[in-house]
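Let's take a walk through a protein fold together. Have the picture ready and follow along as each part comes up.

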Amino acid sequence: YLNGAKWATSDITSIDRALPAAMTDAPLNNVLLQYFPGHASISSKFLGSQKLAVTVPKTFTRDDVNPILESLNNANKLKGVDSNTVVCLFLPPGTILEDTAAGGVGHLKGDDDEDSSLEGLGGYHGSAHVGSRVIYFAVGVYSQRTKKLRNGIPFWPDPWKNICATFYHELVEARTDPDVEERSEEHTSELQSRFG
């Protein structure tokens, strides 16, 4: 939970209970088995959460992901994280999320056309190269509707429910398509070499 001081304990408690429950739900996981032929089951293990004193900019972009993961890695806050782990970056209330990148990481394009949480973007997933490691991540906005702001996908009045729905979606996509950014960059390079 980035900028942890801004997070209500009740939201964290609810998310930490509901999201792992969804990820380990047998009927939901059985639906995913179609993507893993030959496997009898799918499993998931929650490694716990941390409130982090990481200040985030008012608008959080793809360029902000790698430096945060690098700082967490350098501070030994990613113990137990391996190539089968997705690090979830929960943005605090009021932060705008964009999928744009100016620093050469690449522009994320998935099945959603929204570039900003003000346009309905809830989150995205990808991979970050930190030293010799590849760290998989999902980042999501604090989806809520207020008198001044409609941010993310505020389907329910309780933001924590919206956050769980977004991260469940991103974690399932990370299970079935973890290297989405790698493939996008390869595809872009292939198109550039083919068509100039």
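Predicted model: local features only at pLDDT ≥ 70, side-chain atom pairs only at ≥ 80, totals over all residues.

Residues are numbered from 1 along each chain as its sequence is written, and side-chain values use heavy atoms, with hydrogens and water left out.

The protein chain has five helices and seven strands. Here helices (H or I, at least four residues) and strands (E, at least two) are DSSP runs, numbered from the N terminus. Read from the N terminus, the elements go α-α-β-α-β-β-β-β-β-β-α-α. The chain has 196 residues, and 43% of them count as buried; buried means under 20% relative accessible area, exposed over 50%, and partly exposed in between (1.4 Å probe, protein chains only).

Three strands make an open sheet in the order 2-5-4, with mixed pairing; two strands pair if DSSP finds at least two bridges between them. Strand 2 and strand 4 sit at the edges with a single partner strand each, so one side of each has no neighbour in the sheet. From one strand to the next, the twist averages 30°. Strand 2 and strand 5 run parallel and pair over five bridges. Take valine 86 as an example: its bridge partner in strand 5 is tyrosine 136.

Helix 3 lies across strand 2, strand 4 and strand 5, at about 55° to strand 4. Helix 4 touches strand 2, strand 4 and strand 5 too, and its direction makes about 155° with that of strand 2. Axes are lines fitted to C-alpha atoms, for helices over the stretch in contact, and angles run from 0 to 180 degrees between N-to-C directions. Contact means heavy atoms within 4.5 Å.

Helix 4 (residues 159-176) also packs against helix 1 (residues 9-23), at an angle of about 35° and with the axes 9 Å apart. Among the residues making this contact are Ile15 and Leu19 of helix 1 and Ile163 and Phe167 of helix 4.

What about the inside? Nonpolar side chains tend to be buried together in soluble globular proteins. A nonpolar core is a set of buried Ala, Val, Leu, Ile, Met, Phe, Trp, Tyr and Cys residues joined through side-chain atoms within 4.5 Å. The largest one here has 23 residues, and those with the most contacts inside it include Leu2, Phe60 and Ile68. Helix 3 gives the most to this core, with four residues. A second, separate core of 21 residues includes Tyr1, Ile42, Ile163 and Val172.

Is glutamine 144 buried or exposed? At 17% relative accessibility, glutamine 144 counts as buried. Leaving aside neighbours within four places in sequence, its contacts include Pro93, Leu149 and Pro159. Lysine 51, in the loop between helix 2 (26-32) and strand 1 (59-60), counts as partly exposed because its relative accessibility is 48%. Lysine 51 and isoleucine 12 are 39 residues apart along the chain, yet their C-alpha atoms are separated by 8.9 Å.
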